[in-house]
Amino acid sequence: MKISFSSPTLPKSGVLVLLLPEGGALAGLAADADSRTQGQVSRAIKAAGFTGRRDSTLDLVAPGGGYNRIVVFGLGAPASLRHLDLEMLGGAIAGVLQSVKAESAVIAADVTMGGLQAKESAALIGSGLCLRVYSFNHYKSKKPDTRQLKDAVILTPDAKGARQRFPAFEAVAEGVHLARDLVNEPPNTLHPVAFAERMKPLAKLGLTVSVMTPAQMKKLGMNALLGVAQGSDHEARIVVMQWNGGKRGDQPLAFIGKGVTFDTGGISIKPAQGMEDMKGDMGGAACVAGLMLALAKRKAKVNAIGAIGIVENMPDGKAQRPGDIVKSMSGQTIAVLNTDAEGRLVLADVLWYIQDRFKPKFMIDLATLTGAILVALGKEHAGLFSNNDELAHRLSEAGYATGEKVWRMPLAPEYDKIIDHDVADVKNTGGRHAGSITAAQFIQRFVNNVPWAHLDVAGTAMDGPRSAINQSWGPGWGVRLLDRFVAQYYEK
Ligand code: MN
Ligand code: ZN
């Protein structure tokens with residue numbers, strides 16, 4: 001889809017989208033020389049009793065004046081609209097345009113909204129359009145309908161400003177779409193080796209992409225991660241992506257993702273019901289990949305590392321057993337009591353490696369780690385665990401700004417005791433109670449004094465919340481959150 005910005009002179013074809021403040025007048029049409037159309041729309045608004053209430057729409061088919069349709073969107077009180085509301089508005093507009101099979105549209109966004117600059121509100125609406133227009137249909141042998149939104153022109157008094165502002169949003173949307181594609185992809189095609197291969201072309205954007213093989217991991221002593229992978233025919237991979245857009249020598253920000261391309265549970269096998277969803281057990285890794293794409297594409301002024309640990313957890317004659325003890329790269333020994341608590345084993349080695357090699361400013365890991373986080377928070381918040389109040393606060397703020405919300409959960413020595421083991425240093429499960437917390441405590445044992453946050457995204461990164469800007473099973477959750485977090489706090 002091509003999105004462009006233009007000053008408010010209305011082309012007269014396709015679908016025209018107008019924005020109506022509650023109880024207000026049609027700003028978009030004010031610039032229209034065609035007073036007949038304006039009169040018709042005003043009469044229709046009156047006749048339909050359309051007040052401009054937020055989230056309401058009025059659809060006028062074949063209104064004349066050269067348009068196929070005019071769709072009027074209620075804005076509510078424009079002054080109350082925040083950044084996210086405008087993205088959601090863009091998403092809602094895209095939803096309507098898709099449902100009426102519009103191929104081209106003109107969106108009259110020349111209304112002052114939320115005290116935002118005209119270029120900002122226009123770019124945000126464009127962002128919402130991009131985020132919403134997404135489909136994952138390569139597996140349909142017949143394409144359902146070829147008519148889709150190809151062209152959208154957003155009318156704004158500051159077209160030049162919007163053109164400068166928009167590419168950063170477009171970059172983030174592209175990152176979100178990459179994350180969605182990865183999560184939606186079936187597990188027979190997106191196995192660990194294939195996932196790593198798909199990261200290599202990101203080097204074209206200026207990222208340094210390096211891929212680690214099991215032989216290299218073995219040398220480093222990453223037996224926690226390798227133990228998870230040993231039941232699979234597909235070799236494990238670790239991909240490290242580096243973006244150096246900041247000052248030379250500035251400590252990098254590190255993002256680490258759990259990439260279990262399919263989680264059967266291993267020998268502690270999961271029930272059949274819903275197991276197919278475990279193709280999404282790499283949602284954390286997908287987010288990190290999407291984030292790195294976004295940072296590189298918009299040339300973020302920051303040094304960042306994205307690291308993903310990619311394995312497939314399968315039952316097999318070679319698979320690890322409940323009761324096995326493995327020695328992690330950190331030197332700590334782990335009793336694997338439940339082979340379905342595998343994500344933390346992967347993270348243990350990747351986090352250790354990243355803090356050891358790169359001395360990051362902080363580490364943030366994302367993992368579809370526990371069902372328990374869904375019990376606690378549902379799909380509306382991801383669980384946030386952190387050893388650092390500033391980091392936690394900043395993530396919360398970025399969450400509210402982007403609608404990808406996080407809720408802080410506790411860490412405490414009392415919980416940590418639960419995962420002590422009588423033979424090994426630590427066990428990989430603390431039982432049912434406080435399951436998300438003991439999982440986070442486990443990960444914390446592999447974090448030294450570096451500021452760290454862990455996001456348990458089991459409820460949000462696969463089959464996540466649907467909204468005006470996302471209708472996909474794989475939501476690409478976290479890319480916008482972390483991009484905002486980086487832009488807001490680390491690029492100044
Ligand atoms: Mn599992
Ligand atoms: Zn898992």
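Tutor: Partly exposed means a relative accessible area between the buried limit of under 20% and the exposed limit of over 50%. Keep that in mind for this predicted model.

Student: How is a pair of aromatic rings described?

Tutor: A ring pair is described by the distance of the centres and the angle of the planes. The structure holds 10 aromatic pairs. One of them joins Y353 and F358, with 6.3 Å centre to centre and 80° between the planes. That pair is edge-to-face.

Student: Are Y353 and F358 buried or partly exposed?

Tutor: Y353 is buried, at a relative accessible area of 10%. F358 is partly exposed, at 21%.

Student: Why is the pair of Y489 and Y490 edge-to-face?

Tutor: Look at the angle. Planes over 60 degrees apart count as edge-to-face. The planes of Y489 and Y490 stand at 65°, so this pair is edge-to-face. Their ring centres are 6.5 Å apart.

Student: Which residues do ring pairs link into a cluster?

Tutor: The cluster takes in F255, F362, F485, Y489 and Y490.

Student: Which ring does the charged end of R180 sit over?

Tutor: The charged end of R180 sits over the ring of Y134, 5.2 Å from the ring centre.

Student: Where does K279 lie?

Tutor: K279 lies over the face of W473. The distance from the ring centre is 5.2 Å.

Methods:
Residues are numbered from 1 along each chain as its sequence is written. Chains are lettered from A and ligands numbered from 1 in the order in which they are written. This is a predicted model: local features need pLDDT of at least 70, side-chain atom pairs count only at pLDDT 80 or more; totals for chains, interfaces and linings use all residues. Side-chain values use heavy atoms; hydrogens and water are left out. Rings of Phe, Tyr and Trp (its six-membered ring) pair if their centres lie within 6.5 Å; planes under 30 degrees apart count as stacked, over 60 as edge-to-face and the rest as tilted. Buried means under 20% relative accessible area, exposed over 50%, partly exposed in between (1.4 Å probe, protein chains only). A charge sits over a ring if NZ of Lys or CZ of Arg is within 6 Å of the ring centre and within 35 degrees of the ring normal.
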